[in-house]
Amino acid sequence: MTIDRRNLLKLGGVSLLAAAPTRIRSALAQAPAAKADYTIEIANGLAELGSSQIISTALYNGQFPGPLLRLKEGQPVTVDVVNKTDHPELLHWHGQKIPSDVDGAEEEGSPPVPPGGSRRMTFTPGPSGFRFYHTHVRAGADLSRGQYSGLVGPVYIEPKQNLDAYDQEIFLVLKEFGPTLSRGGDMDMNFLAGSEIKDLKDKGEAAINASIKKAGAAKGYEVGYQFFTINGRMLGQGEPIRVQRGQRVLFHILNGSAGEIRSLAMAGHRFRVVATDGNPVPHPVEVPVLWIGTAERVSAIVEMNHPGVFILGDLSDDDRGHGMGIVIEYAGAHGKPLWQKPPALKWDYTVFGTSTVAAEPDHVVEMVFAKKNAADGGFNRWTINGAAYPDMMQMVEPMLRLSKGHRYRFRMRNESDDIHPIHLHRHSFELTRIAGKQTSGVIKDVVMLGGYQEAEIDFVADNPGMTLFHCHQQLHMDFGFMALFDYENV
Ligand SMILES: [Cu+2]
């Protein structure tokens, strides 16, 4: 055997490397050629929603939803994001407590992934639970961009300890495709607990009426959809979820929509909600229906004790008819999947919380959300305390400077008739008052604020760096419903 360099390394490879000075070893470990834990490629591709519904849209790794990433709490991960589209992209790690430069929002200073280029991100995942990743690109009037595309994927961060026993774990991503613009269109809001507050309604209605009088009865654009899917398949088009009698199935459900609110029910079955937005709730409660706002997540256990073939689907006959559902099939059961309208339910976050009064905040920040009807080329313009967040071309003054370690309470008042799924980046918050009730212990990163309602959320400023706050409806955030917070690192 000739002793060349290759054989020498093979003979003594390990010990040679082990004997190398620390400086060299760490350089080897950090060599740019080292493979990332995950590579996510953004490119246009085809998604087969049904046998005769094939659409072209931007996808992660050529699939919808993007691949499930199972990360480990506290264990650093490296992700390469490769952008094969012709425009800059941003991949946002929704619901994670990570630095601004990897969070994936340009407003916070995260560098975009250039067209034809790539970017490596390293961060320590957390908190544990069900999170997700999605594009944070502004779409504006271009309905091929932003979250109107297929750029959504689930993340599960393994906790150090598992809380619940279950037999099967299933991830569901709810998403509409084929967006179109229309004028007006009213959202069904009767499902949310709480009632309209008179002075908010008076102000909101006065503003709408004044605008319609001036502009000639035109309401701002809304977005509607042609195709409705769960895990990228229209109802009846994919494989059913196969279960066995007696199983406890843990569903992790993500509303990956650009702006819709979704509901889910299944005849003869109830959902025991164990986590909201990935965070365990103080009181897991059984409910017959789930309501999930844009970007919200629900983790719920269903006991499979009612054999048959069922539709797990949206309460809206129209949306379910256009695909928003999936078939659940018990082993040995056959026949047409059964759908049954569930009993009426008011969705009330406080049932999962405790009535203990939450800790007192150091600061209370008052916020009023309002709509300027059709004020932006036919699109509604949205304001927070009278200011609309401008387009990305301008430098933006932070709305608020947070002090590290302080507890903040946002007192949010909605002067519009729409429901807003309000999202805070890089932090989780605690619901402290909603639907007219005090509560505590429900930890989230998105909350639905009802039309003409108010709510309070608390968070501790414990993750310094620029922080974005916005409505998670793409149409609302793109037209002003956003604010930036600066941070004092002292
Ligand atoms: Cu909104």
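Me: Between which two strands is the loop in which proline 65 is found?

Reply: This is a predicted model, in which local features need pLDDT of at least 70, side-chain atom pairs count only at pLDDT 80 or more, and totals for chains, interfaces and linings use all residues. Residues are numbered from 1 along each chain as its sequence is written, and side-chain values use heavy atoms, with hydrogens and water left out. Strands are DSSP runs of E with at least two residues, numbered from the N terminus. The loop holding proline 65 is the one between strand S2 (53-60) and strand S3 (69-72).

Me: What is omega for the peptide bond from phenylalanine 64 to proline 65?

Reply: Most peptide bonds are trans. The bond from phenylalanine 64 to proline 65 is instead cis, with omega near -10°.

Me: Which proline is joined to glycine 126 by a cis peptide bond?

Reply: The bond has an omega of about -5°. The proline concerned lies in the loop between strand S6 (118-123) and S7. The partner of glycine 126 in this cis bond is proline 127.

Me: How many residues of strand S7 are buried?

Reply: Buried means under 20% relative accessible area, with a 1.4 Å probe and protein chains only. Strand S7 (residues 129-135) is largely enclosed by the rest of the structure, because its buried residues number seven of the seven.

Me: Which residue of S7 is the bridge partner of histidine 92?

Reply: Two strands pair if DSSP finds at least two bridges between them. Strand S5 (residues 91-94) and S7 run antiparallel and are joined by four bridges. S7 also pairs with strand S8 (residues 152-158) in the antiparallel sense, over six bridges. In S7, the partner of histidine 92 is histidine 134.

Me: What is the relative accessible area of aspartate 277?

Reply: Aspartate 277 lies in the loop between strand S14 (271-276) and strand S15 (279-287). Although not a glycine, aspartate 277 has a positive phi of about 55°. The residue is buried, its relative accessible area being 0%.

Note on methods
Buried means under 20% relative accessible area, exposed over 50%, partly exposed in between (1.4 Å probe, protein chains only).
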